[in-house]
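Student: Hi! Could you walk me through this one while I look at it?
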Amino acid sequence: MDSVSSVKEFIRKQVPDWDDEIMATARFKAFSGQRSDWEPKYLFWKDLILKIARHLDLFIIQPSQVKEEWFNRGGLTPLCIDHVLCLMYNEGDIVRNVDLVDPSSGRISQLFRKVRNLMVRSPVTPEIIMLEDHLFLTPLLKDKTAQIIKCLSESHWTSSCIVTMSKFQGMCGPSEAAPLLSYLSGLGKAQYFSISKEVIEGVKISLSSGSVPAISSLDLDVLRLIWTAQKLEDQIAMIDRRYEMSRKSALASLNSGNKKVALRHAREMKLASESRERCTALLNRVEEVLNVIANAESTQKVTEAIRIGAEAMKQNKITVEEVEHCLEELEESIDAQKQVEKALESNPVSGIEDEDIEEELEKLELELESENLKISKVEVGSTSGEMGALGSTDSLTDALSNLKLHDGSATESVSQKSPFPTRTKNSKQAMLEAA
């Protein structure tokens, strides 16, 4: 009931008009007509189902629960939910139990099963979907598997890792481990294997973008060592609990004055301490062997990379001296780049003051004025030949019309307005006599 109320509250936050009767009536109707008519409604329900599943942090849903509990409004349930789930299945957003591979089967068996499902896959109707006990949401399956791989990558620096089945179940959850392992196996990212004698189950998971490598004899030994280390850790935890119980009992006996019982509990504490030391020493030894194996795997990959590089050098006829010369040039360029970056970081605008910038601007302004002056002189020179006669005639007419002999101010006005240079008195008199 708590999860149902949480879903109701979440829906009202995501859909503000959820309680609106008109909108609810339109949404709860069955699909009819062409897909273009009901596709917006389908996308609404699909997105809401995925949002609720993410809110609840689950990728396994029950069709009956989705219809009868999540979207129940006063006894009314959406008539289109079965169709929505069927469409999500057909589009790959949902998978069923029959679509998941059996992780305990071999790769060949898994491949044959995939081919058979593709060839003889029968159409799935909304009625068949609603009869399923559980459905798995593919987008959330991807998110969950990505979280698991990320968590394992933080504690393993190799391209793949091996974990016991109990640890994998602890990471995923008891009910989610099986579908997650099946999904990873179907993608080729994980492979289940076991040691039948000790009934030790393990999973090899790829932490890179590639598929998980095939199981080798070394993987069996690593699984046995990891299983032994986990058993030793459990044993140490149990010894710690026993030691704490003996310590509390010894203190209680001393407080009550029963020294004999207190000595017995102290003896148990001593035995527990010795047992813990032995288990810890053995656990350290197992972890040391696991580290040696991991280092050997890394060394093997480095050696393989060197071998491939040597073969490529032979095929392309590249000598060792050429490679060393290229590496030296690369180091020099890297050092030079680092020096430039340090210089820029330490003093990006060293030696540049505001006064220097103003001086540079003044120089640019002077250059710009001189260029404009040259351009204007060129334009004036080109037009002076054509407009010379007309300009002189007009100027002379203006000068004569504005000239007044008896007014000194007028004479000054002529000298200001006329484009000609100022003439002497004699030249003015001669001009009047000629007129």
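Student: Is Asn-90 buried, exposed or partly exposed, and why?

Tutor: Asn-90 counts as partly exposed because its relative accessibility is 47%; buried means under 20% relative accessible area, exposed over 50%, and partly exposed in between, with a 1.4 Å probe and protein chains only. This is a predicted model, where local features need pLDDT of at least 70, side-chain atom pairs count only at pLDDT 80 or more, and totals for chains, interfaces and linings use all residues. Residues are numbered from 1 along each chain as its sequence is written, and side-chain values use heavy atoms, with hydrogens and water left out.

Student: Which helix holds Asn-90?

Tutor: Asn-90 sits in helix 5, residues 81-90 (helices are DSSP runs of H or I with at least four residues, strands are E runs of at least two, numbered from the N terminus).

Student: How many residues of helix 5 are buried?

Tutor: Eight of the ten, so helix 5 is mostly covered. Among the buried ones are Ile-81, Val-84, Leu-85 and Tyr-89.

Student: What do they pack against?

Tutor: The buried residues of helix 5 have partners including helix 3 (35-56), helix 4 (63-70) and strand 3 (135-137), where contact means heavy atoms within 4.5 Å.

Student: And what follows helix 5?

Tutor: Gly-92, with a positive phi near 90°.

Student: New topic: where is Glu-331, and is it buried or exposed?

Tutor: Glu-331 lies in helix 13, residues 320-346, and counts as exposed at 51% relative accessibility.
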